[in-house]
Amino acid sequence: SDPPVWLDQALDIRCKVEFVFKGFGTLTQGDANSLTDSSATWSTEDSGEWAGDVVYLVSGPGAGQFAEIASNSATALQLSTALVYPPAAGTKYMVNHGKTVEITTTWEYMGKEYFQTIESLVINYRNSSDWGF
(Lines give C-alpha, C1' and ligand atoms only; values in the text may rest on other atoms or scores of the structure.)
Protein backbone atom coordinates (compact mmCIF):
# COMPACT_ATOMS: atom_id res chain seq x y z
CA SER A 1 0.00 0.00 0.00
CA ASP A 2 1.11 3.58 -0.43
CA PRO A 3 1.99 4.85 2.09
CA PRO A 4 2.86 1.58 3.79
CA VAL A 5 0.76 0.64 6.83
CA TRP A 6 2.13 0.74 10.37
CA LEU A 7 3.56 -2.50 11.72
CA ASP A 8 4.82 -0.77 14.89
CA GLN A 9 4.23 2.98 15.10
CA ALA A 10 6.33 3.43 18.27
CA LEU A 11 9.39 1.99 16.48
CA ASP A 12 8.47 3.72 13.19
CA ILE A 13 8.24 0.40 11.33
CA ARG A 14 5.96 0.33 8.32
CA CYS A 15 5.19 -2.63 6.12
CA LYS A 16 4.08 -3.29 2.58
CA VAL A 17 1.06 -5.57 2.17
CA GLU A 18 0.41 -7.37 -1.13
CA PHE A 19 -2.71 -9.39 -1.99
CA VAL A 20 -2.77 -11.95 -4.82
CA PHE A 21 -6.06 -13.68 -5.68
CA LYS A 22 -5.82 -16.94 -7.61
CA GLY A 23 -7.60 -20.24 -8.19
CA PHE A 24 -10.31 -18.87 -10.47
CA GLY A 25 -10.61 -17.51 -13.98
CA THR A 26 -11.65 -18.18 -17.54
CA LEU A 27 -10.29 -21.03 -19.64
CA THR A 28 -8.43 -20.22 -22.85
CA GLN A 29 -8.84 -23.87 -23.88
CA GLY A 30 -10.00 -27.12 -22.38
CA ASP A 31 -10.78 -30.73 -23.08
CA ALA A 32 -11.94 -33.75 -21.08
CA ASN A 33 -8.52 -34.22 -19.40
CA SER A 34 -6.96 -30.78 -19.06
CA LEU A 35 -7.86 -27.13 -18.57
CA THR A 36 -5.71 -24.17 -19.63
CA ASP A 37 -5.88 -20.56 -18.45
CA SER A 38 -3.08 -18.62 -20.16
CA SER A 39 -3.55 -15.66 -17.78
CA ALA A 40 -3.42 -17.78 -14.59
CA THR A 41 -1.43 -16.53 -11.61
CA TRP A 42 -0.44 -19.95 -10.30
CA SER A 43 2.98 -20.37 -8.79
CA THR A 44 5.73 -21.38 -11.19
CA GLU A 45 7.89 -22.45 -8.24
CA ASP A 46 5.40 -25.09 -7.05
CA SER A 47 3.99 -26.68 -10.17
CA GLY A 48 1.87 -29.05 -8.09
CA GLU A 49 0.19 -26.48 -5.88
CA TRP A 50 -3.34 -27.59 -6.93
CA ALA A 51 -2.71 -31.37 -6.98
CA GLY A 52 -5.44 -33.15 -5.00
CA ASP A 53 -7.73 -30.12 -5.02
CA VAL A 54 -11.05 -29.93 -6.87
CA VAL A 55 -11.86 -27.68 -9.83
CA TYR A 56 -15.48 -26.61 -10.41
CA LEU A 57 -16.70 -25.40 -13.81
CA VAL A 58 -18.90 -22.40 -13.00
CA SER A 59 -20.34 -21.34 -16.37
CA GLY A 60 -19.93 -21.95 -20.08
CA PRO A 61 -19.45 -25.28 -21.85
CA GLY A 62 -19.17 -28.08 -19.27
CA ALA A 63 -20.59 -25.97 -16.42
CA GLY A 64 -21.66 -27.76 -13.25
CA GLN A 65 -18.94 -30.42 -13.30
CA PHE A 66 -16.34 -31.08 -10.61
CA ALA A 67 -13.02 -32.84 -11.17
CA GLU A 68 -10.02 -33.67 -9.01
CA ILE A 69 -6.75 -32.08 -10.12
CA ALA A 70 -3.92 -34.58 -10.66
CA SER A 71 -1.21 -31.96 -11.31
CA ASN A 72 -0.67 -28.51 -12.72
CA SER A 73 1.85 -26.31 -14.47
CA ALA A 74 1.88 -22.50 -14.35
CA THR A 75 -1.16 -22.28 -16.64
CA ALA A 76 -2.68 -25.77 -17.03
CA LEU A 77 -4.54 -28.26 -14.84
CA GLN A 78 -4.31 -31.99 -15.55
CA LEU A 79 -7.39 -33.83 -14.27
CA SER A 80 -7.46 -37.19 -12.43
CA THR A 81 -10.53 -38.37 -14.34
CA ALA A 82 -11.96 -37.23 -17.65
CA LEU A 83 -14.88 -34.81 -17.72
CA VAL A 84 -18.08 -36.12 -19.31
CA TYR A 85 -18.81 -32.81 -21.07
CA PRO A 86 -15.55 -31.20 -22.20
CA PRO A 87 -15.23 -27.45 -21.52
CA ALA A 88 -14.03 -24.91 -24.06
CA ALA A 89 -12.48 -21.46 -24.17
CA GLY A 90 -14.62 -19.05 -22.18
CA THR A 91 -15.66 -21.54 -19.48
CA LYS A 92 -15.26 -20.02 -16.00
CA TYR A 93 -13.79 -22.13 -13.18
CA MET A 94 -12.94 -22.07 -9.47
CA VAL A 95 -10.54 -24.30 -7.54
CA ASN A 96 -11.99 -25.60 -4.23
CA HIS A 97 -15.23 -23.67 -4.90
CA GLY A 98 -13.63 -20.32 -4.08
CA LYS A 99 -10.74 -17.96 -4.56
CA THR A 100 -7.40 -18.36 -2.87
CA VAL A 101 -5.87 -15.18 -1.47
CA GLU A 102 -2.15 -15.00 -0.78
CA ILE A 103 -1.18 -12.12 1.54
CA THR A 104 2.48 -11.12 1.81
CA THR A 105 3.71 -8.55 4.31
CA THR A 106 7.23 -7.13 3.89
CA TRP A 107 9.07 -4.87 6.34
CA GLU A 108 12.55 -3.73 7.30
CA TYR A 109 13.90 -3.64 10.86
CA MET A 110 17.42 -2.71 11.93
CA GLY A 111 18.68 -2.93 8.34
CA LYS A 112 17.31 -6.40 7.66
CA GLU A 113 14.30 -7.17 5.43
CA TYR A 114 11.63 -9.58 6.66
CA PHE A 115 8.51 -11.02 5.07
CA GLN A 116 5.59 -13.24 6.00
CA THR A 117 3.16 -14.92 3.60
CA ILE A 118 -0.15 -16.54 4.47
CA GLU A 119 -2.68 -18.17 2.17
CA SER A 120 -6.40 -18.61 2.72
CA LEU A 121 -9.42 -19.82 0.78
CA VAL A 122 -12.29 -17.37 0.27
CA ILE A 123 -15.29 -19.69 -0.06
CA ASN A 124 -18.28 -18.98 -2.27
CA TYR A 125 -20.62 -20.06 0.53
CA ARG A 126 -23.61 -18.09 -0.72
CA ASN A 127 -23.12 -19.16 -4.34
CA SER A 128 -22.48 -15.57 -5.37
CA SER A 129 -22.35 -14.90 -9.08
CA ASP A 130 -20.04 -11.88 -8.58
CA TRP A 131 -16.58 -13.43 -8.45
CA GLY A 132 -14.69 -10.79 -10.38
CA PHE A 133 -14.50 -12.76 -13.62
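Of the 133 residues in the protein chain, 31% are buried. The model is predicted. Its secondary structure amounts to 11 strands and zero helices. Contacts with a separation of 6 or more were examined by sequence distance; residues 24 or more positions apart supply 58% of them.

Strand β6 (residues 54-59) runs antiparallel to strand β7 (residues 66-72), and three bridges join them. Val55 has Ala67 of β7 as its bridge partner. Six residues separate the two strands of this hairpin. Gly60 lies in the turn and has a positive phi of about 95°. β7 also pairs with strand β8 (residues 76-79), again antiparallel and over three bridges. Three residues lie between β7 and β8 in their hairpin.

The largest nonpolar core has 12 residues, among them Val55, Leu57, Ala67, Ile69, Leu77 and Leu79. Leu27, Leu35, Trp50, Leu83, Tyr93 and Val95 belong to this core as well. Two or more core residues come from each of β6, β7, β8 and β9 (92-95). In soluble globular proteins, nonpolar side chains tend to be buried together.

The structure holds three salt bridges. Lys22, Glu49, Glu102 and Glu119 are linked through them in a network. Glu49 pairs with Lys22, with 3.1 Å between the closest N and O atoms. Glu49 sits in the loop between β5 (34-36) and β6, and Lys22 in strand β2, so this pair ties together parts 27 residues apart in sequence. Both residues are buried: the relative accessible area is 17% for Glu49 and 4% for Lys22.

Lys22 also forms a salt bridge with Glu102, at 3.4 Å from N to O. Glu102 lies in strand β10 (residues 98-109), so the bridge to Lys22 in β2 ties together parts 80 residues apart in sequence. Glu102 is partly exposed, at 23% relative accessibility. The salt bridge between Lys22 and Glu119 has an N to O distance of 3.5 Å. It links strand β2 to strand β11 (residues 112-123), with the two residues 97 positions apart. Glu119 is partly exposed, at 48% relative accessibility.

The chain exposes about 7,900 Å², of which carbon and sulfur atoms supply 51%. Leu11, Tyr109, Met110 and Tyr114 make a nonpolar surface patch of about 440 Å².

Key. Residues numbered from 1 in each chain as written. Predicted model: local features only at pLDDT ≥ 70, side-chain atom pairs only at ≥ 80, totals over all residues. Heavy atoms only, no water. Pairing = 2+ DSSP bridges. Helix = DSSP H or I, 4+ residues; strand = E, 2+ residues; numbered from the N terminus. Buried < 20%, exposed > 50% of the residue type's maximum accessible area, 1.4 Å probe, protein only. Contact = heavy atoms within 4.5 Å. Areas by Shrake-Rupley, 256 points an atom, 1.4 Å probe, with all protein chains shown as cover. Patch = residues over 30% accessible without salt bridge, like charges linked within 9 Å, V, L, I, M, F, W, Y side chains within 5 Å. Salt bridge = Lys/Arg side-chain N within 4 Å of Asp/Glu carboxyl O. Core = buried A, V, L, I, M, F, W, Y, C linked by side-chain atoms within 4.5 Å.
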